[in-house]
Amino acid sequence: MKNWTADVLRQEFLRFFESKNHTFLPSASLIPHGDTTLLLTGAGMVPFKPFFLGQEKPESRRVVTFQRCMRTVDIDNVGQTDRHGTFFEMLGNFSFGDYFKEEVIGWAWEFVLEHLEFPREKLWVTIFEDDDEAHDIWHDTIGFPQDRIVRLGREDNFWEIGVGPCGPCSEIHLDRGPEYGCTDPGCKPGCDCDRYLEFWNLVFIQFYKDENGSLTPLTSKGIDTGMGLERVTALMQDAKSIFDIDNIRPVVDRVAALAKTEYGRDEDADVSLRVITDHLRGITFMVFDGVLPSNEGRGYILRRLLRRAVRHGRLLGIHDAFLLDMVDEVIEQMKSGYPELLDKRSYIHKVVGLEEERFQATLDQGIGLLQEVIQKAKRAGNREIAGVDVFKLYDTFGFPYELTKEIADEEGFSLDEEGFRAAMEAQRQRARAARGDSSYAGENMEVFQEAAAAGDVRFVGYDRSQVSTRIRAIIKDGSLVGRAEAGDSVSLVVDETPFYAEAGGQVSDRGRIQSGTGTLDVDDVRRPFEGLIVHTGRVTAGELEADQAATAVLENELRRHTARHHTATHLLHQALRGLLGDHVNQAGSFVSPERLRFDFTHFEALTSEQLTAIESEVNDVIMSNRPVEASEMSMDQAKAAGAVALFGEKYGNRVRVVTVTDYSKELCGGTHVSATGDIGLFRIVSEGSVASGVRRIEAVCGRRALDFTREREGVLRQVSRQLQSTVEDLPEQAAKLIAQQKELNQQVQQFRQKLAGDAADQLIRSAASVDGVAIVAAPVEVSGMDELRALGDRVRDRLKPSVIVLGASAGDKVLLLAMASEDIAGKRVHAGDIVKRAAQICGGGGGGRPDMAQAGGWHPEKLQEALQTVKSILEEQLQGNVK
């Protein structure tokens with residue numbers, strides 16, 4: 001009898017369908033390639049959407065795969081039950097216009113009975129209510145009992161994703177027994193109880209749904225199946241839940257050991273153990289696939305998972321950083337299916353460790369603030385936390401909205417979601433602007449598909465800058481037209497083109513398409529989907545007609561500038577990896593005729609020495625004039641040759657590899673120089689941070705680098721004239737100026753100290769007395785809180801016992817400081833309580849230790865009133881004494 005581990009099940013599924021002439025494709029990234037409608041890959045079919053939508057042609061019409069997936073729609077239920085999880089693996093077999101219902105149902109039944117060996121009497125199937133074809137195959141061909149075939153409606157057994165291909169589905173369920181069920185005597189699949197567990201969904205892609213919801217039969221039908229690996233493993237191992245299977249339970253137990261508890265002993269602890277375990281699996285794979293923590297998009301999901309895991313660690317009594325040890329356990333359990341995890345272990349550690357460290361640093365402060373807000377609301381009889389407070393937790397302490405909501409729910413509080421969303425709106429607007437327009441292909445998809453019906457557009461631009469071609473289609477205002485006149489903004493599709501379409505961070509070529517009767521100035525070129533290239537611009541002369549012969553011509557000088565910057569990007573990437581380490585990976589790029597921008601994973605700012613070394617190395621490679629060659633090969637050959645693949649990119653079985661001889665090798669479809677010497681000069685313009693763990697370098701090449709250098713030299717000459725110095729003597733002249741500035745600053749400081757002494761003398765003379773305690777409560781003029789504290793120290797040190805409360809206006813803000821001499825601090829008076837009450841009058845808050853505390857406010861006009869209350873506050877404390 002087989003030992004049905006998750007790894008064994010995964011391989012058994014793959015081998016079975018490979019025996020049915022399916023091509024195995026490895027799991028795609030959790031970052032959907034080229035799909036702006038999804039943040040994360042949430043199903044096995046996501047990488048194949050272009051095939052089902054007719055946008056791309058598959059290399060094989062039969063495919064089998066296992067796909068890592070993330071779904072966060074049920075994140076609030078993770079941990080609360082033992083059924084929910086955010087990360088999972090989906091086993092699937094797919095047909096793109098090849099086999100259909102009879103074959104897939106037959107193979108599914110064969111695998112379930114002969115390989116998984118499930119008892120046939122415990123199996124049930126569901127079908128779409130109108131799918132008589134599936135019913136007849138199950139009942140008449142397979143011989144499945146009529147009374148265990150359940151018809152369900154569109155919500156349960158019909159798959160659709162809006163406009164596009166869709167179809168009914170059939171699900172296979174296992175009856176786990178009445179002990180998992182409900183009290184309904186008619187219970188069967190479709191019930192909400194846990195008795196009937198669905199473990200395999202067979203989707204029959206047979207219709208196209210239009211904007212009106214009408215269904216049209218497809219001429220080329222497809223199959224999309226999905227079997228949850230964790231779920232079927234739990235069934236095969238007779239495990240209570242997915243958290244008890246062989247590659248997840250060790251993670252649960254390792255967290256439990258760290259928390260000095262046992263899974264199953266305490267339900268509250270079990271909730272946290274399940275949350276941490278599930279989230280760690282998702283965290284590990286999201287970082288592996290290139291997701292980095294941020295405050296938007298998929299980066300926000302990663303941050304939310306990680307910080308939720310840390311917070312549940314606190315609930316288990318784990319106060320030190322612990323995620324890295326748990327990440328190691330996840331990698332250990334998943335390395336058989338994903339051996340690449342081992343190569344990325346150190347990178348995953350750096351990303352997760354840095355984010356955990358940052359959150360740990362603010363977690364106690366954030367929870368303290370939240371508890372303070374909750375207590376304040378309780379005293380006011382309010383059960384809602386204000387949106388501005390929720391936003392402060394998010395913006396200052398890194399608390400995701402959902403984490404604040406989770407803690408508030410535990411205390412019986414709701415959140416002012418509308419107020420929080422209003423505070424977030426400005427940031428959301430910026431995020432939307434940064435994402436840009438993602439509807440280019442979607443709005444014109446039907447038109448594009450019609451334009452592509454005549455076959456693929458041939459790109460010949462790697463070695464040709466001008467071609468004779470034919471205008472296949474003209475698109476104007478979202479519709480196909482027969483002709484375009486001067487002044488019209490249109491898009492052209494031609495049979496053959498030298499124009500590079502924007503892709504891989506490289507901007508498109510510019511140029512013109514000219515017929516015997518008119519000219520289009522091309523300023524943008526896109527590839528809406530594989531095989532179609534669309535040239536957009538304005539007709540500047542005459543008129544153009546469909547089916548007309550034409551000549552497509554690039555602006556060669558712009559192409560050469562772009563090529564210089566693109567090859568330089570490869571050199572920069574390699575130089576960074578060589579100097580900083582293999583954890584450096586491309587996280588984004590922009591290549592144009594004017595400049596290059598390169599985003600890369602690294603966790604600290606580069607020093608000036610490092611930037612100089614990188615710039616020097618790139619220029620050394622340029623001056624060595626190494627050949628740059630591009631070649632096509634299989635993906636396996638490219639990996640064997642050491643070619644670097646990029647995060648988030650999707651590659652087919654055949655890839656293009658760009659090689660700089662004896663230096664770098666990358667998978668790339670862009671345009672490049674033929675030798676590094678063609679780049680000319682390379683200069684780094686700037687280096688900085690763009691996100692947590694992501695740095696950015698901007699640089700220029702060739703003529704642009706020469707212009708940059710001359711501009712810098714011009715600045716030096718201008719400064720030297722202003723200082724009446726030569727360029728060579730500028731360092732010495734600057735050193736003299738800095739020394740003079742330092743001396744002047746010292747003189748100013750001495751003068752300030754004298755003024756502070758005078759001010760202290762004046763404050764001491766103004767002191768009053770309350771029950772034998774000297775009290776000073778006065779407004780002062782200072783430059784900031786540091787100067788305010790220094791003045792307070794001077795007065796307190798000379799008055800004992802004493803209470804000092806000083807206030808200052810700083811623009812539209814109020815600064816407040818309270819101090820108590822050590823002989824009475826915490827015994828008779830509490831500085832923190834005094835300053836807190838005074839700050840409330842100024843519309844602010846704060847607090848601190850018994851001997852020293854500071855606060856702020858927003859109403860400078862109420863400062864005098866606040867200071868006048870200090871005497872009465874002190875009298876209250878002296879009468880009651882501080883405990």
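The side chain of Gln333 makes a polar contact with the side chain of Glu329 at 2.8 Å, where a polar contact is a pair of N or O atoms within 3.5 Å; within protein, one must be able to donate a hydrogen and the other to accept it, and residues adjacent in sequence count only if both atoms are side-chain atoms. This is a predicted model, in which local features need pLDDT of at least 70 and side-chain atom pairs count only at pLDDT 80 or more, while totals for chains, interfaces and linings use all residues. Residues are numbered from 1 along each chain as its sequence is written, and side-chain values use heavy atoms, with hydrogens and water left out.

Gln333 belongs to helix H10, residues 323-334; helices (H or I, at least four residues) and strands (E, at least two) are DSSP runs, numbered from the N terminus. Gln333 counts as buried because its relative accessibility is 17%. The cut-offs are under 20% relative accessible area for buried, over 50% for exposed, and partly exposed in between, with a 1.4 Å probe and protein chains only. Leaving aside neighbours within four places in sequence, Gln333 is in contact with Asp246, Asn247, Pro250 and Val251, contact meaning heavy atoms within 4.5 Å. For one of these, Val251, the C-alpha atom is separated from that of Gln333 by 8.2 Å, although the two residues are 82 apart along the chain.

The axes of H7 and H8 come within 9 Å and cross at roughly 125°. Axes here are lines fitted to C-alpha atoms, for helices over the stretch in contact, and angles run from 0 to 180 degrees between N-to-C directions. H7 and H8 are therefore oblique to each other: angles under 35 degrees count as roughly parallel, over 145 as roughly antiparallel, 65 to 115 as roughly perpendicular and the rest as oblique. The crossing of H7 with H8 is right-handed; a crossing is right-handed if the near helix is turned clockwise from the far one by less than a right angle, and left-handed if anticlockwise. On the H7 side the contact is made by Val251, Val252, Val255 and Ala256, and on the H8 side by Leu273, Ile276, Thr277 and Leu280. By class, this contact has 7 nonpolar residues, 1 polar and no charged. Ala, Val, Leu, Ile, Met, Phe, Trp, Tyr, Cys and Pro count as nonpolar, Asp, Glu, Lys and Arg as charged, and the others, Gly among them, as polar.

H8 also packs against helix H9 (residues 297-315), at an angle of about 145° and with the axes 9 Å apart. The crossing of H8 and H9 is left-handed. From H8 the contact includes Val271, Val275, Ile276 and His279, and from H9 it includes Arg298, Ile301, Leu302 and Arg308. The contact of H8 with H9 divides into 12 nonpolar, 4 polar and 2 charged residues.

A further partner of H8 (residues 267-288) is helix H12 (residues 345-379), with axes that come within 9 Å and cross at roughly 115°. That angle makes H8 roughly perpendicular to H12. The crossing is right-handed. Ile283, Thr284, Val287 and Phe288 in H8 meet Tyr347, Ile348, Val351 and Val352 in H12. These residues comprise 7 nonpolar, 1 polar and no charged.

Ser720 is in helix H20, residues 702-722, and is buried because its relative accessible area is 6%. Its side chain reaches the backbone oxygen of Arg717 at 2.7 Å. Beyond four places in sequence, Ser720 is in contact with Ser725, Thr726, Val727 and Leu730. Leu867, in helix H24 (residues 863-868), counts as buried at 4% relative accessibility. Leu867 touches Ala777, Ala778, Pro779, Val805, Leu806, Gly807 and Leu816, not counting residues up to four places away in sequence.

The loops hold some backbone features. The peptide bond from Lys800 to Pro801 is cis, with omega near -10°, and Pro801 lies between helix H22 (785-798) and strand S31 (802-810). Glu117, in the loop between helix H3 (101-115) and strand S4 (123-128), has a positive phi near 60° without being a glycine. Glu117 is exposed at 57% relative accessibility. Asp771, also not a glycine, has a positive phi of about 50° and sits in the loop between strand S29 (768-770) and strand S30 (773-779). With a relative accessible area of 55%, Asp771 is exposed.
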